Amino acid sequence: MADNQIINSDTLAPHKASATAHTNESGAKVSARKKALLLGKVIGVASEEDYRPSSASIAERAEYRLRKMHSQHQQNLETIFKLALTYTPSDVTGEDLDPDWSYQFFQMAEQINSRRMQDLWARILASEIVKPGNFSLRTLATLKQLTQREAQVLEKALGMSVKLNNETRYKLLNGYRIHGGFKQYFRKSTLVNLGLSKYGLPYSSILTLVDAGILHSSEFETGTLEKGGAIQLTLTDNKLNIQPNSNNLLFSYYRFTPIGDELSQLVHPKVDSAFVKDLTALLSRDFKVES
C-alpha cells in the first residue's frame, strides 16, 4: 500500500513551471500543478483519463467519488486484517472484543492509508483479540491523528528512554541534578544535561510529542537517589547498572502520558549506540557505572 500523496508547495505560475518541477520515483520531473491534478484523481474529483472535470452531473460525480473512497476504505481494512492474522497466534485462546471498541476500531482503521501505520493498527487488533483492554479508544483516536513523522519521533524518543529497576513505564531522561552537598557549591552547574538534540531529538520534537498527547508538558524529577544504591537502567536490549556516588543526585525526565504508555507497546525502538556510549560516559562523572 503506497503512502499518501504529498503536494509540494512550489509556485504554480505557468512561466515558472520548468523551474518548479520535481522528480518522481521514476526520475521524471513532475510539476506542482501535475501533483495537484494527480491528487484530484486520487480523491475522485477529476476523471481517470485526463484529469479534466467529468461531463457527468454533480450527483453522479459525487457518487463516483464516494465509491472510490469506500473502495479505498475497504482495501485499508482488508490490509490491516490480513496483517493482524500474521500477529495472531493459533496456540493461544482468543477473547471476544468489546462491541463498542470493535466498532470504533474499524471506523477509524478504515481511514489509515499508510502501510507503516496500518501495521500498528494490525498489531493493536491482534493484541486485543489475545488480551482485550490494552488499548483504549482514546489511544486509538490519538493514533488515528498520528502522522508518520510523529510516529518516527516517538520511535526515536523510546529508543532514548529508560526503565528504572523493575518499573514498567518508560522515562525519557533529560539529565540529572546535584541537590545539596558540597558539590553544589563547587561546580559551575548543578544540572547535567544529556543533550538529546545531539542524537536527533531536539526540543521541537519533544513539543511534537507533547502536542500529540504522548508526553506530559512538564519535566519531572525522581526522589533523591541513595548513595551506593543499585539502579538498573534498561534501554531496550541494553542494561546499565549504576550506583550514585553521593546522596545528592536525582534524575530529571519527561513522563509519557497513559496514551504514550499504550503506544509504546506498539513501537520497536532502535537504540542509538552513540547515545548509550555517551550516556555511560556522562553518568560516570557522578555514578559508578557497569554495562
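**Burial and helix packing in a predicted model**

Residues are numbered from 1 along each chain as its sequence is written, and side-chain values use heavy atoms, with hydrogens and water left out.

User: How many helices and strands does the chain have?

Analyst: Helices (H or I, at least four residues) and strands (E, at least two) are DSSP runs, numbered from the N terminus. On this basis the chain has 10 helices and 10 strands.

User: Is D119 buried or exposed?

Analyst: D119 belongs to helix α4, residues 115-130. Leaving out residues up to four places away in sequence, D119 touches L83 and Y87 (contact means heavy atoms within 4.5 Å). Its relative accessible area is 14%, and D119 is therefore buried.

User: Which elements are included in what covers the buried residues of α8?

Analyst: Helix α8 spans residues 203-211, and its buried residues are S205, I206, T208, L209 and V210. Their cover includes α6 (148-159), β6 (215-221) and β9 (249-256).

User: How are α6 and α8 oriented, roughly parallel or roughly perpendicular?

Analyst: The axes of α6 and α8 come within 10 Å and cross at roughly 110 degrees. Axes are lines fitted to C-alpha atoms, for helices over the stretch in contact, and angles run from 0 to 180 degrees between N-to-C directions. Angles under 35 degrees count as roughly parallel, over 145 as roughly antiparallel, 65 to 115 as roughly perpendicular and the rest as oblique. The orientation of α6 to α8 is therefore roughly perpendicular.

User: Into which classes do the residues of the contact of α6 with α8 divide?

Analyst: From α6, R149, E150, V153, L154 and A157 meet S205, T208 and L209 of α8. The residues of this contact divide into 4 nonpolar, 2 polar and 2 charged. Here Ala, Val, Leu, Ile, Met, Phe, Trp, Tyr, Cys and Pro count as nonpolar, Asp, Glu, Lys and Arg as charged, and the others, Gly among them, as polar.

User: What is the orientation of α3 and α5 to each other?

Analyst: The axes of α3 (residues 99-109) and α5 (residues 137-145) come within 10 Å and cross at roughly 0 degrees. W101, Q104, F105 and M108 in α3 meet L137, L140, A141 and K144 in α5. By class, this contact has 6 nonpolar, 1 polar and 1 charged residues. The two helices, α3 and α5, are therefore roughly parallel.

Note on methods. This is a predicted model: local features need pLDDT of at least 70, side-chain atom pairs count only at pLDDT 80 or more; totals for chains, interfaces and linings use all residues. Buried means under 20% relative accessible area, exposed over 50%, partly exposed in between (1.4 Å probe, protein chains only).
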